[in-house]
Amino acid sequence: QCILEKDLKCGVNVKLVNKALGPGTIIEHSPMLCYYAARYNDRKKNFSEDLETFVKKCGGWKKGILGSKKENGVRVWADIFRKFVSRNGIDFPNFGTFYPDVKLCIRKIAKDFEMSEESIIIDGEMITIDEDFQKQMTQVRRLKKADPSSFIFKIFDFIGPNITFQEKVDYMENVLHPLLKKKGSKKTMILPHNIFYSFEEFKKYFLSIVAIGGEGVVLKSLDSVYENKRSAFWCKVKNFFSGDFKVVGYTIGTKGNNKGLLKALIIEYNKVKTSVGSG
């Protein structure tokens, strides 16, 4: 019963359960994720080699590469059954208020691409407009009652039609965006995308996002299709800051397998001390 309720802390994973009890016993959610994670180091003023590798795989800047602001929230899949789930397949029960907009988009996609509504999934990021970001995200992840008025659902993809990302972006901006705007929706929107034809264009956009406190940019290959895995055709480019800190001590583990081993370093900066573990 714990397994069926997706409490997988019992020592087995989804694949093993479905192999033993039959395919579909637990629905597997495998949203497309970024394989490349390029970093921009503010201290060195340059990007990691992952960016160059990704660009080459996409055919180079001259071909054009899609990009959008990396939103800082919770990844959400939504369907016609009024289900809102995390990328791990865990239910989010608090977002039914967004369902009318989701249903509107799904029905339009199903009609235009001659598909069943049941086969379409809306992929987006649920972000909070509350100043206490961590508090809101904790509420959502722990499935406690969260006020949906504090959130905005930004759609950046949909799963169903076997079309390229460029075709999807064109459809979302030219069809779904006017549809939501006509309805007067203020809480569900299409995440804007840009096409970059040079490194200079991308860097200018990236630095403009960073300048307003954004985390970074997600790049996508124009002619790739949705893959239910970590894909080499998506690249997350994040801003990193580095600095030098004085190590003033350390802590030792007291429990389990780590008992007696080094647990964390204690560092100091401007008379402020903090522990640095594995993260």
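Buried means under 20% relative accessible area, exposed over 50%, and partly exposed in between, with a 1.4 Å probe and protein chains only. By that scale glutamate 114 is exposed, with a relative accessible area of 75%. This is a predicted model, in which local features need pLDDT of at least 70 and side-chain atom pairs count only at pLDDT 80 or more, while totals for chains, interfaces and linings use all residues. Residues are numbered from 1 along each chain as its sequence is written, and side-chain values use heavy atoms, with hydrogens and water left out.

**Nonpolar cores**

- A nonpolar core is a set of buried Ala, Val, Leu, Ile, Met, Phe, Trp, Tyr and Cys residues joined through side-chain atoms within 4.5 Å.
- The largest such core has 41 residues, and Phe84, Ile122 and Phe153 have the most contacts inside it.
- Two or more residues of this core come from each of strand S4 (74-78), strand S5 (84-85), helix H3 (99-112), strand S6 (121-128), strand S7 (151-159) and helix H5 (165-183); helices (H or I, at least four residues) and strands (E, at least two) are DSSP runs, numbered from the N terminus.
- A second, separate core of 21 residues includes Tyr40, Tyr205, Phe206 and Val210.
- Leaving aside residues up to four places away in sequence, Phe153 touches Val76, Phe98, Val102, Ile122, Gly124, Glu125, Met126, Lys187, Thr188 and Met189, where contact means heavy atoms within 4.5 Å.

**Strand S7 and its partners**

- Nine of the nine residues of S7 are buried.
- S6 and S7 pair in the antiparallel sense over eight bridges; two strands pair if DSSP finds at least two bridges between them.
- Within that pairing, isoleucine 121 has isoleucine 159 of S7 as its bridge partner.
- S7 also pairs with strand S8 (residues 188-190), in the parallel sense and over three bridges, and lysine 154 has methionine 189 of S8 as its bridge partner.

**Six-stranded sheet**

- Six strands form an open sheet in the order S2-S1-S11-S10-S3-S9, with mixed pairing.
- Its edge strands, S2 (46-47) and S9 (194-196), each pair on one side only.
- S3 and S9 run antiparallel and are joined by three bridges, with isoleucine 195 in S9 as the bridge partner of leucine 66.
- Helix H6 (residues 199-211) packs on this sheet, touching S1, S2, S3, S9, S10 and S11, and its direction makes about 145° with that of S10. Axes are lines fitted to C-alpha atoms, for helices over the stretch in contact, and angles run from 0 to 180 degrees between N-to-C directions.

**Three-stranded sheet**

- Another open sheet has the order S12-S13-S14, with antiparallel pairing.
- Strand S12 (246-252) and strand S14 (272-276) are at the edges, each with a single partner strand, so one side of each has no neighbour in the sheet.
- The twist averages 25° from one strand to the next.
- Five bridges join S13 (residues 262-269) to S14, and leucine 265 has valine 276 of S14 as its bridge partner.

**Loop residues with positive phi**

- Most residues other than glycine have a negative phi.
- Arginine 82, in the loop between S4 and S5, has a positive phi near 70°.
- Glutamate 114, in the loop between H3 and S6, has a positive phi near 55°.
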